Amino acid sequence: MKRVIAILIVTTLALSCAFSYTDSFTAMTRNEKFLSLLDVIKNGKSIEEAEAAYNDYLATEPSDLDRSRCEYHMVRYFKDMGNEAKANEHLEKEKAAYAEIEGENDLRLRTAESDMVAAEYYITGKMNTGMKNSDLTKALYKDYPEEYYIALQEAFRLLYTPPIAGGSTRKALRILNALEPEVANMSTLDQYSFYVAKAMALSKDDEFDESDKYLELATNIYTFDEAIDEIRSDNRRGRR
């Protein structure tokens, strides 16, 4: 019996050590100019401030890959501000930057493609574009489950996808619960995404009070996100 218990302990330790989370996008999310841009656009500040912060970031001459990911956030900002023309303008810039990417590894290139398709879906809402983004995210998570950003995107995919098409709140919560001990090690942007995803998952699981706690943590970081208002409204309706 002691031998069996010892084997089980060793096996458990080996499994726990075999998987550790990583962040391949640290450099970008620690760039002060990029963080300043995020502060402007993810707190819903004026278009003039957003464009000034955007130009300041571009002046740092980011790589084509980082510029592509920056454009993704600009698309979301202008779409949420109700300026679809500007959102489309930045989507075209994102596509142009993506087309210029060279010499990048598989993970970063595929992530840029996924972000680009997600940006297009955010504007158009076309089902085929959403399905393509879902397929790209699912494939990325299969290959890179240890990446914070990829794991978070997979959690969102599972939450937004209807159950009949493979969505699952239970599976999303499983990913998020595994990520939770890692929150302190994440970039500010990934921390924010984690709190929003956890709030959404708990809301769907009818845990409205717990969901509100994570919403508060999210809004302590950034405040301008349509998803926040939607989750808060869902929680109010759920309590009735």
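Predicted model: local features only at pLDDT ≥ 70, side-chain atom pairs only at ≥ 80, totals over all residues.
Local features were considered at pLDDT of at least 70 and side-chain atom pairs at pLDDT 80 or more, whereas totals for chains, interfaces and linings use all residues. Residues are numbered from 1 along each chain as its sequence is written, and side-chain values use heavy atoms, with hydrogens and water left out.

Helix α5, which spans residues 64-80, reaches 25 Å from its first C-alpha to its last, close to the 24 Å expected at 1.5 Å a residue, the expected span being 1.5 Å times one less than the number of residues; helices are DSSP runs of H or I with at least four residues, numbered from the N terminus. Of the 17 residues in α5, 13 are buried, where buried means under 20% relative accessible area, exposed over 50% and partly exposed in between (1.4 Å probe, protein chains only).

The structure holds 19 salt bridges, each defined as a side-chain nitrogen of Lys or Arg within 4 Å of a carboxyl oxygen of Asp or Glu. In one of them, Arg-69 meets Asp-115 at 3.1 Å, N to O, and this pair links helix α5 to helix α7 (residues 106-124) across 46 residues. Both Arg-69 and Asp-115 are buried. Glu-84 and Lys-79 also meet in a salt bridge, at 3.0 Å, N to O; here Lys-79 counts as partly exposed because its relative accessibility is 25%.

Elsewhere, Lys-142 lies in helix α8 and is exposed, with a relative accessible area of 70%.

Technical notes. Helix = DSSP H or I, 4+ residues; strand = E, 2+ residues; numbered from the N terminus.
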